[in-house]
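Open the model in your viewer and keep the selection tool at hand. This short tour says what to pick next and what is there.

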Amino acid sequence: ALQNDPQARVWYTKAADQGHIAAAFNLGSLFQNGLGGRVDVRRALEWYGRAAIHGDHEAEFAIAGLYYNGDDGLKQDTHQAQKWMRKAAEGGHLDSMYWMGMLLLASDDIEDAETTAKIWLAKAARMGHYESEKKLKEISSESEMMEREFDLFNEHRTMRAAEADAEPIMIAETTHEAQEAERGGGQQQQHELDEIYYEEI
């Protein structure tokens, strides 16, 4: 196949140098995957970049992946990964929308990251992206489960609070009943003594 032929790099380079966007992207792929020669991530980044300048969203997505993985001498840079992923996602690239959602869900730095992630996933899901739809359902199930657990916790806490509030009343009622019983017992005993006294008279 042409992609496995070292000559492919030569021909794609000639085409890319003449402004052929698809050739620039393909050349980036050859260097990234080591087809027709050794793997060279930095050269891959260079050629993907040439395609991305012309608005190739697949190239933007590929650049994001290179920065995210940080393989073969390229330092991992999640900020750059997210920047390029956003460019591709805003251009309508479905896989980029999905991965924007995933990157946001994994982030601790962005306020309301989960809400923004859901927006990207929903956009992709509406356009028929299966993995985005699947992830949205998963997040919704987790949220529902957390809400149920929180409701149960609040219910338990409310019951405990009610029991704690009721405890002094129960003690007071019990004490009052005991006092009444003691008073009643004393009156009965006095009544019995009175009966004995009057019988003796």
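A crossing of two helices is left-handed if the near helix is turned anticlockwise from the far one by less than a right angle. Keep that in mind for the stops below. Note too that this is a predicted model.

**Stop 1: α2 and α3**

Select residues 21-33, helix α2, and residues 41-53, helix α3. Their axes come within 8 Å and cross at roughly 160°. An angle over 145 degrees counts as roughly antiparallel, so α2 and α3 are roughly antiparallel to each other. The crossing of α2 and α3 is left-handed.

Now show side chains. On α2, pick I21, A24, F25, L27, G28, S29, F31 and Q32. On α3, pick R43, A44, W47, Y48, R50 and A51. These residues make the contact. By class, the contact of α2 with α3 has nine nonpolar, three polar and two charged residues.

**Stop 2: the aromatic pairs**

How many aromatic pairs are there? The count comes to two.

Start with F25 and Y48. Their ring centres are 5.3 Å apart and their planes stand at 45°, so this pair is tilted. The pair links distant parts of the chain: F25 sits in helix α2 and Y48 in helix α3, 23 residues apart. Is F25 buried or exposed? Its relative accessible area is 19%, so F25 is buried. Y48 has 2% relative accessibility and also counts as buried.

Next, select Y98 and W99. The ring centres of Y98 and W99 are 5.2 Å apart, with planes at 75°, so the pair is edge-to-face. Y98, at 11% relative accessibility, counts as buried. W99, at 36%, counts as partly exposed.

**Stop 3: α3 and α4**

The crossing of α3 and α4 is left-handed.

Which residues make the contact? From α3 come V41, A44, L45, Y48, G49, A51 and A52. From α4 come A59, E60, A62, I63, L66 and Y67. The contact of α3 with α4 divides into 11 nonpolar, one polar and one charged residues.

Centre the view on Y48. Y48 is part of the contact of α3 with α2. Y48 is also part of the contact of α3 with α4. Its ring pairs with that of F25.

Key:
Residues are numbered from 1 along each chain as its sequence is written. This is a predicted model: local features need pLDDT of at least 70, side-chain atom pairs count only at pLDDT 80 or more; totals for chains, interfaces and linings use all residues. Side-chain values use heavy atoms; hydrogens and water are left out. Axes are lines fitted to C-alpha atoms, for helices over the stretch in contact, and angles run from 0 to 180 degrees between N-to-C directions. Helices (H or I, at least four residues) and strands (E, at least two) are DSSP runs, numbered from the N terminus. Angles under 35 degrees count as roughly parallel, over 145 as roughly antiparallel, 65 to 115 as roughly perpendicular and the rest as oblique. Contact means heavy atoms within 4.5 Å. Ala, Val, Leu, Ile, Met, Phe, Trp, Tyr, Cys and Pro count as nonpolar, Asp, Glu, Lys and Arg as charged, and the others, Gly among them, as polar. Rings of Phe, Tyr and Trp (its six-membered ring) pair if their centres lie within 6.5 Å; planes under 30 degrees apart count as stacked, over 60 as edge-to-face and the rest as tilted. Buried means under 20% relative accessible area, exposed over 50%, partly exposed in between (1.4 Å probe, protein chains only).
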